[in-house]
Amino acid sequence: MRVAVIGANGQLGCDLCTAFLDRGCEVIQLNHDILDVADFDSAKRSLQQAKADVVVNTAAMHNVDACEREPARAFAVNGIGARNLAILSNDLDFVLFHISTDYVFDGAKRAPYVETDCPRPLNVYGNTKLAGEYFVQTIAKKHFILRVSGLYGTNPCRAKGGSNFVNLMLKLAKERDELRVVDDEVLTPTYTEDIARQIVSMSEVKDYGLYHATAQGSCSWYRFAAKIFELSGAKVKLSIAGPNEFPAKVPRPKYSVLENSKLKALNLDVMPTWEDGLERYLKKIGTLSETTR
Ligand SMILES: NC(=O)c1ccc[n+]([C@@H]2O[C@H](COP(=O)([O-])OP(=O)(O)OC[C@H]3O[C@@H](n4cnc5c(N)ncnc54)[C@H](OP(=O)(O)O)[C@@H]3O)[C@@H](O)[C@H]2O)c1
């Protein structure tokens with residue numbers, strides 16, 4: 001199978017390339033400098049050359065504050081970019097995997113969201129990603145849309161200055177004696193290696209459609225930080241931040257837990273718990289405490 005990964009040098013893109021190579025696929029790595037999803041001709045040229053059976057689109061403008069400042073650019077990448085790839089998936093006959101987000105929901109449900117729940121994004125990022133989903137759903141004959149959440153991986157997240165929440169917490173724990181983290185935002189942190197494995201297994205079936213694909217379980221950022229320090233043995237005093245201590249400039253859902261209900265119904269769910277993913281990530285970056293091993 002020939003697989004083209006768009007955003008191949010990104011956090012998820014790198015792990016996807018490795019996972020497909022490990023599966024014996026030919027992988028074509030398409031980075032932003034050769035393919036701009038917002039530019040139909042550029043996408044067409046690269047994908048015509050790639051002659052891929054499967055294309056995975058990880059490209060996005062997903063810095064939430066930047067999207068709010070530049071809504072037209074966010075829509076061009078997250079909305080029109082997805083539309084361009086959806087059209088090309090029909091014209092060039094490839095299966096399109098498109099990555100979306102938990103931020104299509106407003107959080108009011110306060111219980112895990114399933115694929116049939118009605119989205120209601122709170123910000124420009126969520127709205128433009130939802131537009132991208134609709135373009136893919138209505139245009140591409142062979143598509144998978146995966147809504148993921150709280151990504152971290154060994155490769156730098158390019159949109160977020162090369163760091164991720166786990167690395168940030170580990171860095172701050174070295175620099176400070178005490179840390180305060182919010183407890184009122186609940187999500188499911190997910191290791192990119194696990195999503196990559198999930199996508200590889202889905203590339204072998206034809207159950208096209210919209211899927212939630214996150215690790216199992218959920219936690220607040222505070223509980224996530226506590227687990228990072230427990231597993232890494234970091235010695236730092238952690239406490240819950242007050243409700244207005246870190247005011248967000250842009251509204252975000254307070255609760256964005258996704259249930260992988262469709263993957264489960266089709267017996268396709270290979271996602272582990274978020275704690276399991278975190279432990280393997282810390283082991284991989286050499287930060288797992290000796291007592292946890
Ligand atoms: N990170 C999270 O916590 C999170 C949570 C939920 C959903 N998601 C979704 O997951 C996906 C992957 O996220 P990630 O963390 O792997 O992101 P990332 O590390 O920022 O990687 C994104 C990749 O897309 C490329 N890209 C950006 N704009 C592009 C364009 N117009 N045309 C072609 N390539 C472009 C970037 O290249 P340059 O850097 O060179 O521009 C980069 O290689 C995104 O769709 C995002 O919306 C992420």
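In the predicted model, S149 is buried, with a relative accessible area of 2%; here buried means under 20% relative accessible area, exposed means over 50%, and partly exposed lies in between (1.4 Å probe, protein chains only). S149 belongs to the loop between β5 and β6 (151-152), where helices (H or I, at least four residues) and strands (E, at least two) are DSSP runs numbered from the N terminus. The side chains of S149 and D102 are joined by a polar contact of 3.5 Å. A polar contact is a pair of N or O atoms within 3.5 Å; within protein, one must be able to donate a hydrogen and the other to accept it, and residues adjacent in sequence count only if both atoms are side-chain atoms. A polar atom of the S149 side chain also lies 2.9 Å from the backbone oxygen of T188. Residues up to four places away in sequence aside, S149 touches D102, L187, T188, P189, T190 and T214, contact being defined as heavy atoms within 4.5 Å.

Residues are numbered from 1 along each chain as its sequence is written, and side-chain values use heavy atoms, with hydrogens and water left out. Because the model is predicted, local features need pLDDT of at least 70 and side-chain atom pairs count only at pLDDT 80 or more, whereas totals for chains, interfaces and linings use all residues.

Six strands form an open sheet with parallel pairing, in the order β2-β1-β3-β4-β5-β10; two strands pair if DSSP finds at least two bridges between them. From one strand to the next, the twist averages 20 degrees. Axes are lines fitted to C-alpha atoms, for helices over the stretch in contact, and angles run from 0 to 180 degrees between N-to-C directions.

Within this sheet, strand β4 (residues 95-101) pairs with strand β3 (residues 54-57) in the parallel sense over four bridges, and F97 in β4 is the bridge partner of V56. Six bridges join β4 to strand β5 (residues 143-148), again in parallel, with H143 in β5 as the bridge partner of L96. In a regular strand the side chains alternate between the two faces of the sheet. Both faces of β4 are covered: V95, F97, I99 and T101 are buried on one side, and L96, H98 and S100 are buried on the other. Helix α4 (residues 71-91) lies across β1 (2-6), β3 and β4, and runs at about 160 degrees to β4.

The largest nonpolar core has 31 residues, and those with the most contacts inside it are A4, L47 and V55. Such a core is a set of buried Ala, Val, Leu, Ile, Met, Phe, Trp, Tyr and Cys residues joined through side-chain atoms within 4.5 Å. Two or more residues are given to this core by each of β1, β2, α2 (40-50), α3 (64-69), α4 and α5 (124-139). The greatest contribution, six residues, is that of α4. L47 touches A4, L30, L35, V55, L85, L88, L92 and F94, residues up to four places away in sequence not being counted. In soluble globular proteins, nonpolar side chains tend to be buried together.

Of the 28 residues around the ligand, N9, Q11, H32, Y125 and R158 come nearest; a residue is near a molecule or strand if one of its heavy atoms lies within 4 Å of it. A polar backbone atom of L12 is 2.9 Å from an oxygen atom of the ligand, and a polar backbone atom of L151 is 3.0 Å from an oxygen atom of the ligand. For A159, a backbone N or O atom lies 2.9 Å from a ligand oxygen atom.

Helix α7 (residues 192-202) contains Q198, and eight of the 11 residues of α7 are buried. These are T192, D194, I195, A196, Q198, I199, V200 and M202. Q198 counts as buried because its relative accessibility is 0%. Apart from its neighbours within four places in sequence, Q198 is in contact with A213, L263, L268, D269, V270 and M271. By contrast, E70, in the loop between α3 and α4, is partly exposed, with a relative accessible area of 33%. E70 and I199 are 129 residues apart in sequence and 31 Å apart in space, C-alpha to C-alpha.
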